[in-house]
Amino acid sequence: MTPREFQPVTTRPEEIEQLSFRMITEELGKHPFTDEQFPVVQRVIHASADFELGRSLMFHPDAIRAGIEAIRAGKPVVADVQMVQVGISKPRIQRFGGDVRVYISDPDVAAEAKRLGTTRAIVSMRKAVREAEGGIFAIGNAPTALLELIRLVRTGEAKPGLIVGVPVGFVSAAESKEELTKLDVPFITNRGRKGGSPTAVAIVNALSLMAERQK
C-alpha cells in the first residue's frame with residue numbers, strides 16, 4: 001500500500017494564523033494573564049512554539065497601556081541588535097510617525113566600546129537613551145544592554161516608555177530580567193534563561209497590532 005502524502009489543513013495565511021491561535025488558547029488552558037496581556041502571550045508562543053516561555057512572561061501593570069501609547073505617540077523603538085530591528089513590523093510603527101532604531105553597529109559606538117574595553121551593547125544603550133526618550137526599548141539578545149539600561153533608569157539618565165527585556169542566554173540573562181522587575185517603570189519580561197530576538201519581536205509586533213486596532 002502506498003502511503004498517502006500529507007496534506008496541510010489549509011494553505012491560507014490568515015486561516016493558518018487563526019487556527020494556530022485557537023490551538024494555543026486550548027493547549028495553554030488556565031493562565032494568570034489579563035485580557036490585554038494575553039495577545040502578547042499568544043504571539044510569543046506562536047513565534048516560539050514554547051508554552052513554557054509563554055507562561056514565564058511577566059508584565060508591569062501599566063505595560064500594555066504604555067506600549068500602545070508610545071507607539072501611537074510616534075515614539076521610536078530601540079532594538080539591541082539588528083535581528084530584533086529586522087523582525088519588527090515597521091509599517092505599523094511608521095504609521096504613527098515612529099521608527100525602529102539600532103545603535104550597536106554605529107562606528108562611534110564601536111570606537112567608544114573599544115576605548116572603554118566594554119561591550120558595544122552597553123555603549124549603544126548610553127547613546128540610545130539620549131535620542132529615544134519615551135520610546136520602547138526591545139532587548140532580546142544582550143543581558144549587558146538590559147543591565148546598562150536599568151542602571152541608566154536608576155540614575156535618572158533614561159526615561160523609557162516601555163522596556164521589553166527578554167535577553168536569552170546563560171550569563172546574566174535571568175538575573176538581568178529579575179533586576180528589571182524591581183524598576184518602577186513599565187516593562188515586559190520573563191523568568192529564566194529563555195527569550196531571544198524572536199521573543200522581543202513578537203512582543204513589539206503584538207503591541208503594534210493593538211495600537212493599530214485601537215479606536
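This report describes the nonpolar core, the helix packing and selected residues of a predicted model.

## Basis of the description

Because the model is predicted, local features require pLDDT of at least 70 and side-chain atom pairs count only at pLDDT 80 or more, whereas totals for chains, interfaces and linings use all residues. Residues are numbered from 1 along each chain as its sequence is written, and side-chain values use heavy atoms, with hydrogens and water left out.

## Nonpolar core

The largest nonpolar core comprises 68 residues, and Ile203 and Leu207 have the most contacts inside it. Such a core is a set of buried Ala, Val, Leu, Ile, Met, Phe, Trp, Tyr and Cys residues joined through side-chain atoms within 4.5 Å. Buried denotes under 20% relative accessible area, exposed over 50%, and partly exposed the range in between (1.4 Å probe, protein chains only). In soluble globular proteins, nonpolar side chains tend to be buried together.

Leu207 is in contact (heavy atoms within 4.5 Å) with Val40, Ile64, Gly67, Ile68, Ile71, Leu162 and Ile188, when neighbours within four places in sequence are left aside.

## Packing of H2 against H11

Helices (H or I, at least four residues) and strands (E, at least two) are DSSP runs numbered from the N terminus. Helix H2 (residues 38-48) packs with H11 at an angle of about 140°, and their axes are 8 Å apart. This angle makes H2 oblique to H11. The axes are lines fitted to C-alpha atoms, for helices over the stretch in contact, and angles run from 0 to 180 degrees between N-to-C directions. Angles under 35 degrees count as roughly parallel, over 145 as roughly antiparallel, 65 to 115 as roughly perpendicular and the rest as oblique.

H2 and H11 form a right-handed crossing; a crossing is right-handed if the near helix is turned clockwise from the far one by less than a right angle, and left-handed if anticlockwise. On the H2 side, Pro39, Val40, Arg43, Val44 and Ala47 take part, and they meet Pro198, Thr199, Ala202, Ile203, Ala206, Leu207, Leu209 and Met210 of H11. By class, the contact of H2 with H11 contains eleven nonpolar, one polar and one charged residue. In this classification Ala, Val, Leu, Ile, Met, Phe, Trp, Tyr, Cys and Pro are nonpolar, Asp, Glu, Lys and Arg are charged, and the others, Gly among them, are polar.

## Packing of H1 against H2, and Arg43

Helix H1 (residues 13-28) and H2 pack at about 105°, with their axes 10 Å apart, which makes H1 roughly perpendicular to H2. Glu17, Ser20, Phe21, Ile24, Thr25 and Leu28 of H1 make this contact with Phe38, Val41, Gln42, Arg43, Ile45 and His46 of H2. The contact of H1 with H2 has six nonpolar, four polar and two charged residues.

Arg43, located in helix H2, counts as buried at 17% relative accessibility. Not counting residues up to four places away in sequence, Arg43 touches Glu17, Phe21, Ala202, Ala206 and Leu209.

The axes of helix H9 (residues 143-154) and helix H10 (residues 173-180) come within 9 Å and cross at roughly 25°, which makes H9 roughly parallel to H10. H9 passes H10 in a left-handed crossing. Pro143, Leu146, Leu147, Ile150 and Arg154 in H9 meet Ala173, Ser176, Lys177, Glu179 and Leu180 in H10. This contact of H9 with H10 has six nonpolar, one polar and three charged residues.

Leu146 belongs to helix H9 and is buried, with a relative accessible area of 0%. Its C-alpha atom is separated by 7.9 Å from that of Lys177, 31 residues apart along the chain. Apart from neighbours within four places in sequence, Leu146 is in contact with Ile139, Ile163, Gly165, Pro167, Ser176, Lys177 and Leu180.

## Loop residues

Ala158, in the loop between H9 and strand E5 (162-165), counts as buried at 5% relative accessibility. Leaving out residues up to four places away in sequence, Ala158 touches Val129, Leu149, Leu152 and Val153. Ala158 and Met125 are 33 residues apart in sequence and 9.3 Å apart in space, C-alpha to C-alpha.

Ala49 has a positive phi of about 55° although it is not a glycine. Ala49 lies in the loop between H2 and helix H3 (51-55) and counts as exposed at 66% relative accessibility. Ser172, in the loop between E5 and H10, has a positive phi near 75° and is likewise a residue other than glycine. Ser172 counts as partly exposed at 28% relative accessibility.
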